[in-house]
Amino acid sequence: AQKDFEDELMPVFVITGASGGGKSSILKGLADRGFQTEPEVGREIVREQTEACGKALPWQDRVAFRNLLFQRSLDVYEALDKANPAPIFFDRSFVEAIAYSRIIHEPVPSTMSKALQLHRFNNPVFVCMPWKEIFSNDPERRHDFEFAVKDYEANVSAYHENGYQMIDVPKWPVPKRVEFILENLVQAGFDTRT
């Protein structure tokens, strides 16, 4: 029954894992190949909140940040062109808001849990492991590498508990990582022509 359910899904995939693990570079590589990609919502929220002197930031109001992260990510998913047969790739997703709830020790609202069952991504979910050699800070990423490891562990747990199959993306140069993802989709029976 699970396979039948997945067959009805749009070919929408998530690249998750550790912050600073190379997800955005992979998404850029996929976009360069002609695929539709959706940028990381969390970074957009941090930029917007900082510019507007807002408080929904991971270092100010973490619950407000989590709630905004979930809703904005869900909005992006719901706005997708349902008739698009080509794979679409997300840099993180609303599942990350569930993972973040664990990190900040906050209960997950039932509305979020229900939404997770109604709005599904396709398998597999691609995971970028913590990669200290490429990890760096910037205005939107203020945390340290140790937090990136916690982020990775929480994300993997959240996807696993919500029934997703995961594939680790090797620590290779970006073009090889992009090829690895596309080859895995072909093996899973998806059409990766753009």
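Predicted model: local features only at pLDDT ≥ 70, side-chain atom pairs only at ≥ 80, totals over all residues.

Student: How many helices and strands does the chain have?

Tutor: There are 8 helices and 5 strands in the chain.

Student: And in what order do the elements run from the N terminus on?

Tutor: The order is α-β-α-β-α-α-β-α-α-β-α-β-α.

Student: Let us look at strand β4. Are V125 and V127 buried or exposed?

Tutor: V125 and V127, on one side of strand β4 (residues 125-128), are buried.

Student: Which strands pair with β4?

Tutor: Strand β1 (residues 12-17) runs parallel to β4, and 3 bridges join the two. Strand β5 (residues 166-169) also pairs with β4 in the parallel sense, over 4 bridges.

Student: Which residue of β4 stands opposite I15?

Tutor: That residue is F126. On the β5 side, M166 is the bridge partner of V125.

Student: Now the whole chain, please. What percentage of its residues count as buried?

Tutor: The chain has 194 residues, and 51% of them count as buried. Its accessible surface comes to about 9,700 Å², with 53% belonging to carbon and sulfur atoms.

Student: What about contacts between residues at least 6 apart in sequence?

Tutor: Of those contacts, 77% join residues at least 24 apart.

Note on methods:
Residues numbered from 1 in each chain as written. Heavy atoms only, no water. Buried < 20%, exposed > 50% of the residue type's maximum accessible area, 1.4 Å probe, protein only. Contact = heavy atoms within 4.5 Å. Areas by Shrake-Rupley, 256 points an atom, 1.4 Å probe, with all protein chains shown as cover. Pairing = 2+ DSSP bridges.
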